[in-house]
Amino acid sequence: MDSLKPYDVVVIGAGVNGCCAAYHLAREGYKVAVVEKGIIAGEASGRNAGGVRQNGRSRTELPVAMNAIGQWMRFRDEFGGEFEYVQKGNLVVGYTDKQHQDMAKDAQRQRDQGLEIEHITDKKVIRELVPALTDQAICVNYVASDGKAQPFKATWFVAKLAKQHGATFHTFTEVTKLVREGDAISGVETTRGLIPTRSVIAASGPWTISLLKDIGVKLPMLVRRTQACVTAPMPHFIDPWITSGTIWVHQTVSGNVMIGGGGPWEPLSFTKESSLLSLQRFSRRAQQVLSGLKTARLLRGWGGCLDVTPDFQLIVDKIKGVEGLVVSVGTCGHGFALGPAVGQACAEMATGRKPSVPVEGLSVDRFASDMDFETTYKAMPEPL
Ligand SMILES: Cc1cc2nc3c(=O)[nH]c(=O)nc-3n(C[C@H](O)[C@H](O)[C@H](O)COP(=O)(O)OP(=O)(O)OC[C@H]3O[C@@H](n4cnc5c(N)ncnc54)[C@H](O)[C@@H]3O)c2cc1C
């Protein structure tokens, strides 16, 4: 096999995580190559809904999300990034007394962690935030600094920054094998030849499962579809992002209303097809949440592949026993927003530093090494 130029770090995957890691590495002067089997943001990072939220994050993910928001703002405000990033708030809706109690408690926990979040029960105030919200809503958790972006443009923007700092992108190039010398990484085999390196960041989404399996590392992860759909542009009537149970709704800068969500009913496979059942469900559920959608015209639906972990949180860690291998995976359908912070942590870990972003709770060790996740998953009544 031909040998290509060596790099300090090779990043596998040009999704948001890979591009952000490459940006941080290149900015610090490391020689970095991103190897991508397709195009930049061709998978989940270009197919997602662009929600950039802190609201409702777990205790572990919240500080990572707070760090990421600061970076997205910098990309927009300092570096002139035009990726439709607007901070018009994120709102989780509750309909029952039990939800009201749970949400009030969760809002307090997030406040204790430093987030500016409101738990609102005054219907007049709720109405002011979203006049179209149906009357059944009795409370909301609201974070004003949250927002949304156009994920394809956002990921391409970060890739452009990375390139400006000297990162190389090999698109349409697949990593077929991680190469080891003893217990350490010595390179990656690709469809264009061998790239020598002592450090690899696998930001390769659900495909990471097989890449690591080939070197004897089992990740507790499954691949599952999630779906979304979009209407034709409508006059502007929704400002914040809205989450209600297992669906979310928001209106893009161009006026299209986007609806989506996923759950355990989705197949555990790499399929990205849109299903009629989901489109019907989105349409029915969205109309329970918001009035004003009756005349909406559905334009299209699509799916994307998620890498799901047992606790529905990311894995950002060095792999023990394989020196030089860092993974950034398991984003479980909410990883676009976290990209800049996760990318920074990975860049630091891949170059022998302690991550400045608090990712210690996202280590792979939190799962038992002999865990049979597929069996556990199928036995779960309703994962999150
Ligand atoms: C419909 C939908 C809606 C979503 N909504 C949101 C949202 O609103 N907010 C949010 O925060 N998140 C959302 N998500 C989740 C978000 O898209 C993902 O968490 C995030 O994009 C994951 O980024 P990534 O870089 O880890 O992975 P990916 O974007 O999957 O990138 C991995 C890349 O690795 C490449 N690759 C894989 N194997 C190889 C190989 N062997 N060689 C070379 N390249 C390889 C792939 O081609 C791919 O481009 C949503 C996802 C979907 C599908």
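Modeller: A ground rule before we start: a residue is near a molecule if its C-beta atom, placed from the backbone, lies within 6 Å of it. Also, this is a predicted model.

Biologist: Okay. How many residues surround the ligand?

Modeller: 37 residues surround the ligand. The closest are Gly13, Gly15, Gly51, Gly304 and Gly335.

Biologist: How do the residues of that shell divide into nonpolar, polar and charged?

Modeller: The shell around the ligand has 13 nonpolar, 19 polar and 5 charged residues.

Biologist: Which helices and strands each supply at least two residues of the shell?

Modeller: α1 (16–27), α2 (44–47) and β13 (222–231) do.

Biologist: And which domains does the shell draw at least three residues from?

Modeller: Domain 1 and domain 2 each give at least three residues to the shell around the ligand.

Biologist: Back up. What are the domains in the assignment?

Modeller: The domain assignment gives domain 1 as 9–48 + 152–220 + 311–379. Domain 2 is 88–146 + 222–303. Their C-alpha centres lie 29 Å apart.

Biologist: How many residues of domain 1 are in contact with domain 2?

Modeller: 7 residues of domain 1 are in contact with 5 residues of domain 2. On the domain 1 side, helix α10 (residues 373–379) has the largest share, with 3 residues. By class, that side has 4 nonpolar, 1 polar and 2 charged residues.

Biologist: New topic: Glu43. Where is the place of Glu43?

Modeller: Glu43 is in the loop between β2 (32–35) and α2.

Biologist: Why does Glu43 count as buried?

Modeller: The cut-off is 20 or more other C-beta atoms within 10 Å. Glu43 has 22 C-beta neighbours inside 10 Å, so Glu43 counts as buried.

Biologist: What does Glu43 touch?

Modeller: Leaving out residues up to four places away in sequence, Glu43 touches Gly15, Gly205, Gly304 and Cys305. Gly15 and Gly304 are also among the closest residues to the ligand.

Biologist: How many residues apart in sequence are Glu43 and Gly303?

Modeller: Glu43 and Gly303 are 260 residues apart in sequence. In space they are 9.8 Å apart, C-alpha to C-alpha.

Biologist: On to strands. Which way do the residues of β1 point?

Modeller: In strand β1 (residues 9–12), Val9 and Val11 point one way, while Val10 and Ile12 point the other way. All of them are buried. In a regular strand the side chains alternate between the two faces of the sheet.

Biologist: What joins β1 to β2, and do they run parallel or antiparallel?

Modeller: β1 and β2 run parallel and are joined by 4 bridges.

Biologist: What is the order of the open sheet of 8 strands?

Modeller: The order is β5-β6-β4-β14-β15-β16-β13-β17, and the pairing is mixed. β5 (118–120) and β17 (298–308) stand at the edges with a single partner strand each, so one side of each has no neighbour in the sheet. From one strand to the next, the twist averages 20°.

Biologist: How do β5 and β6 pair?

Modeller: β5 pairs with strand β6 (residues 139–143) in the antiparallel sense, over 3 bridges. Glu118 has Tyr142 as its bridge partner in β6.

Biologist: And which helix packs on the sheet, touching β4, β5 and β6?

Modeller: Helix α4 (residues 97–112) does, and its direction makes about 20° with that of β6. Helix α8 (residues 276–289) also packs on the sheet. Helix α8 touches β4, β13, β14 (241–244), β15 (247–251), β16 (257–261) and β17. The direction of α8 makes about 70° with that of β15.

Biologist: What about Asn141? Where is Asn141 found?

Modeller: Asn141 is in strand β6. Asn141 counts as buried because it has 23 C-beta neighbours inside 10 Å. Its contacts beyond four places in sequence include Val92, Met103, Ile117 and His119.

Biologist: Last one. What about the sheet of 3 strands?

Modeller: That open sheet has the order β9-β10-β11, with antiparallel pairing. β9 (175–181) and β11 (193–196) stand at the edges, each with a single partner strand, so one side of each is left without a neighbour in the sheet. The twist averages 25° from one strand to the next. Strand β10 (residues 184–190) is joined to β11 by 4 bridges. Val188 stands opposite Ile195 in β11.

Note on methods: Residues numbered from 1 in each chain as written. Predicted model: local features only at pLDDT ≥ 70, side-chain atom pairs only at ≥ 80, totals over all residues. Nonpolar A, V, L, I, M, F, W, Y, C, P; charged D, E, K, R; others polar. Domains from an automatic or database assignment. Buried ≥ 20, exposed ≤ 12 C-beta atoms within 10 Å, placed from the backbone. Contact = placed C-beta atoms within 7 Å. Pairing = 2+ DSSP bridges. Axes fitted to C-alpha atoms, helices over the stretch in contact; angles between N-to-C directions.
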